[in-house]
Amino acid sequence: MTILVTGGAGYIGSQTSRLLTSLGREIVVLDSLERGNANSVFGAPLVIGDIADSALVTDLCLKYQVTSVIHFAAYKSAGESMSQPEMYWRNNVQGTVNLIEGMLAANVNHIVFSSSAAVYGNPQSSPISEASAISPANVYAETKATMERVIRWYGETHGLRWTSLRYFNAAGASSDGVLGENWDITTNLIPLVMKAALNVSGPLQVLGNDYATKDGTGIRDYVHVEDLADAHVKALDYLQSGGPNLTVNLGTGVGTSVLEILSATEKVLGHAVPHEFAPRRLGDPAAVYADATLAKRTLGWSAQKSLQQIIDSAFHWHLNQLS
Ligand code: WQD
């Protein structure tokens with residue numbers, strides 16, 4: 001009953017791996033460490049290798065008696081995917097095909113896939129349900145949509161059983177401050193807010209304050225990384241108990257603006273976060289937040305952590321990184 005966690009040394013993979021081991025589940029982590037951190041893997045074997053190495057995947061599945069895979073391993077920067085698309089097609093899509101071939105060769109046919117709300121692109125409106133149009137706006141998002149389809153078709157042709165989890169904006173750090181996001185390899189808002197708050201960077205650039213939103217700034221659905229980890233455990237158990245193949249949104253269902261993130265940070269900081277208003281970022285939609293009712297109905301999952309818990313955990317994680 002071992003779970004193979006690809007990308008288990010990454011931001012969400014390490015939180016999920018740690019939750020699984022704390023629940024007494026047997027796991028083995030496969031990570032290339034190209035962008036992961038070996039120190040974020042606790043109490044589980046870490047195999048340094050590539051998901052594209054099908055023979056290695058098969059060997060690992062047989063050696064550890066793997067019964068399910070949680071697949072996090074992928075590049076995830078929208079901007080990088082437009083300047084170096086070949087990396088994304090090769091690592092994300094071909095890597096997933098090779099991973100599936102490797103696990104099926106060992107008769108492992110349950111997979112929980114780390115997908116993304118980025119597959120919706122720039123939606124006409126929010127909240128977004130799973131029936132909303134798939135319209136990727138960059139190569140990264142296109143690879144996630146393609147990986148979903150590859151997995152679905154392996155379900156049709158080989159009986160692969162799967163859940164695809166479309167994360168909205170993953171944020172925050174572990175409540176005990178042990179795991180968090182590496183602000184050196186992310187362009188996401190909250191780590192950048194913390195950099196500005198801690199004077200590690202210049203003022204935060206608020207990318208657009210002329211959107212048709214409550215305060216003119218971009219709105220997103222920020223979901224705590226520990227809530228995401230919980231969703232993966234529920235998705236594993238859902239498959240184990242015979243649930244049909246499933247694609248679900250993972251979000252809070254609440255839209256939060258950039259200015260609201262700044263004011264929540266100021267509550268922790270005790271003073272204003274240095275920031276400036278700058279032009280919109282090309283391709284950014286005004287508002288993206290989830291209709292998360294399907295995850296509640298099928299997996300019994302809903303986000304439990306508040307925005308303030310996201311901000312508190314992120315702030316203290318990044319503060320501790322400075323000491
Ligand atoms: C959030 C908001 C920006 C930076 C993410 C990523 C990826 C995906 C989810 C995994 C927007 C504003 C940002 C800054 C700002 N998850 N912003 N100043 O754009 O929703 O995309 O979607 O697949 O994590 O693709 O996240 O954090 O970049 O931006 O004002 O310096 O913050 O305009 O409104 P985004 P983000």
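Two strands count as paired if DSSP finds at least two bridges between them. The strands themselves are DSSP runs of E with at least two residues, the helices are runs of H or I with at least four, and both are numbered from the N terminus. With that settled, Leu4 stands opposite Val28 in S2. S1 and S2 run parallel and are joined by 4 bridges.

This is a predicted model, in which local features need pLDDT of at least 70 and side-chain atom pairs count only at pLDDT 80 or more, while totals for chains, interfaces and linings use all residues. Residues are numbered from 1 along each chain as its sequence is written, and side-chain values use heavy atoms, with hydrogens and water left out.

Now for the sheet. It is open, has 7 strands in the order S3-S2-S1-S4-S5-S6-S11, and its pairing is parallel. Strand S3 (46-48) and strand S11 (246-250) sit at the edges, each pairing on one side only. From one strand to the next, the twist averages 20°. Strand S2 (residues 27-31) is mostly covered, with 5 of its 5 residues buried; buried here means under 20% relative accessible area, exposed means over 50%, and partly exposed is in between (1.4 Å probe, protein chains only). Both faces of S2 are covered, with Ile27, Val29 and Asp31 buried on one side and Val28 and Leu30 on the other.

Further along, strand S5 (residues 110-116) runs parallel to strand S6 (residues 161-167), and 7 bridges join them. One of the residues involved is Ser114, whose bridge partner in S6 is Leu165. Helix H7 (residues 225-240) lies across strand S1 (2-6), strand S4 (66-71), S5, S6 and S11, and runs at about 160° to S6. Such angles run from 0 to 180 degrees between N-to-C directions, with axes being lines fitted to C-alpha atoms, for helices over the stretch in contact.

Helix H6 gets a closer look. Since 8 of its 9 residues are buried, H6 is largely enclosed by the rest of the structure. The buried set is Leu189, Ile190, Pro191, Val193, Met194, Lys195, Ala196 and Ala197. Their cover includes strand S7 (169-171), strand S8 (204-207), strand S10 (222-224), helix H8 (258-269) and H10.

As for H10, the axes of helix H6 (residues 189-197) and helix H10 (residues 307-322) come within 10 Å and cross at roughly 55°. That makes H6 oblique to H10 (under 35 degrees is roughly parallel, over 145 roughly antiparallel, 65 to 115 roughly perpendicular, and the rest oblique). In contact terms (heavy atoms within 4.5 Å), Ile190, Pro191 and Met194 in H6 meet Ile310, Ile311, Ala314, Phe315 and His318 in H10. The residues of this contact divide into 7 nonpolar, 1 polar and no charged, where Ala, Val, Leu, Ile, Met, Phe, Trp, Tyr, Cys and Pro count as nonpolar, Asp, Glu, Lys and Arg as charged, and the others, Gly among them, as polar.

Asn199, in the loop between H6 and S8, has a positive phi of about 55° although it is not a glycine. Asn199 is exposed, with a relative accessible area of 60%. Asn107, also not a glycine, has a positive phi of about 60° and is found in the loop between helix H4 (85-105) and S5. Its relative accessible area is 71%, so Asn107 is exposed. Finally, a cis peptide bond with omega of about 5° joins Ser126 and Pro127, and Pro127 lies in the loop between S5 and helix H5 (139-158).
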